[in-house]
Amino acid sequence: MTDALFIVSQEGYWGEECVEPLTTLSEAGVDCDVATPSGDPPVIDERSVDPENVGEETAEHVREVHETDERLNDPTALADVDPAEYDAVVFPGGHGTEWDVNQDRHARSALRTAVEAGDSKALVVCHAVGLLAFTRDADGDFLVAGRSVTGFPNDWEDGIVDERDLMPDGRKLPYWVEDEVKAAGADWDAELDADTSVRVDGDLITGRGPGSSHEAALTLLDELGVDR
């Protein structure tokens with residue numbers, strides 16, 4: 001049995017970026033667990049279930065999974081999980097990750113374990129790609145240095161936050177993902193002219209945003225050697 005650990009934000013995860021990989025992997029026979037920084041249920045970004053933002057079909061499906069999936073409603077505390085026991089670790093995005101997952105030392109350890117262990121994979125999507133800017137490898141260097149990645153681009157962020165970097169809900173965004181990940185030495189390309197953007201560099205898979213979630217999940221299945 002192939003196993004995957006989803007590390008999900010309690011400060012606002014983007015629905016499609018979690019639900020799409022979670023359901024896609026589960027339907028392919030992957031055994032998926034969910035963890036959050038404290039063990040409390042993850043919180044969804046309400047914008048990601050607003051039909052005016054994402055469409056009625058996506059909003060309805062995502063909200064139903066968020067409210068009814070036992071794994072999302074009864075997660076494990078991240079500190080109590082051993083990432084080495086999993087074949088893959090998945091980091092769904094959402095602005096909320098900037099306030100918890102991306103700053104969590106256990107999340108950084110999980111990412112490092114998945115990418116450096118040699119027999120596992122990491123899938124990091126959208127704002128969760130910011131985690132790469134804070135994760136060091138076993139030698140103390142930035143894990144992302146020299147790696148080919150995609151993620152939530154500045155061009156998109158500019159249309160969400162105001163001139164003071166305030167979010168629509170009034171919270172101040174602490175950093176922009178593209179800036180920090182590039183500063184850590186990544187080979188960044190969000191492929192803004194493409195409908196989707198998924199990049200693979202060794203055991204690290206990154207996805208640009210919601211519209212790339214399905215392709216990212218399929219890519220992870222391919223990298224794991226799981227039939228789909």
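The lining of the largest pocket has six nonpolar, five polar and four charged residues. Here Ala, Val, Leu, Ile, Met, Phe, Trp, Tyr, Cys and Pro count as nonpolar, Asp, Glu, Lys and Arg as charged, and the others, Gly among them, as polar. The model is predicted: local features need pLDDT of at least 70, side-chain atom pairs count only at pLDDT 80 or more, and totals for chains, interfaces and linings use all residues. Residues are numbered from 1 along each chain as its sequence is written, and side-chain values use heavy atoms, without hydrogens and water.

**The largest pocket**

- Its lining comprises 15 residues. Trp-14, Glu-17, Phe-152, Ile-160 and Pro-210 lie nearest the centre.
- A pocket is an open set of points on a 1 Å grid over the protein atoms alone, where a 1.4 Å probe fits, with protein on both sides within 12 Å along at least five of seven lines; lining residues have an atom within 4 Å of a point.

**Val-101**

- Val-101 sits in the loop between strand E4 (88–91) and helix H5 (105–116). Helices (H or I, at least four residues) and strands (E, at least two) are DSSP runs, numbered from the N terminus.
- Val-101 counts as buried because its relative accessibility is 1%. Buried means under 20% relative accessible area (1.4 Å probe, protein chains only).

**His-127**

- His-127 lies in the loop between strand E5 (121–125) and strand E6 (148–149).
- His-127 is buried too, with a relative accessible area of 1%.
- Beyond its neighbours within four places in sequence, His-127 contacts residues including Gly-93, His-95, Phe-152 and Val-177. Contact means heavy atoms within 4.5 Å.

Methods. Buried means under 20% relative accessible area, exposed over 50%, partly exposed in between (1.4 Å probe, protein chains only).
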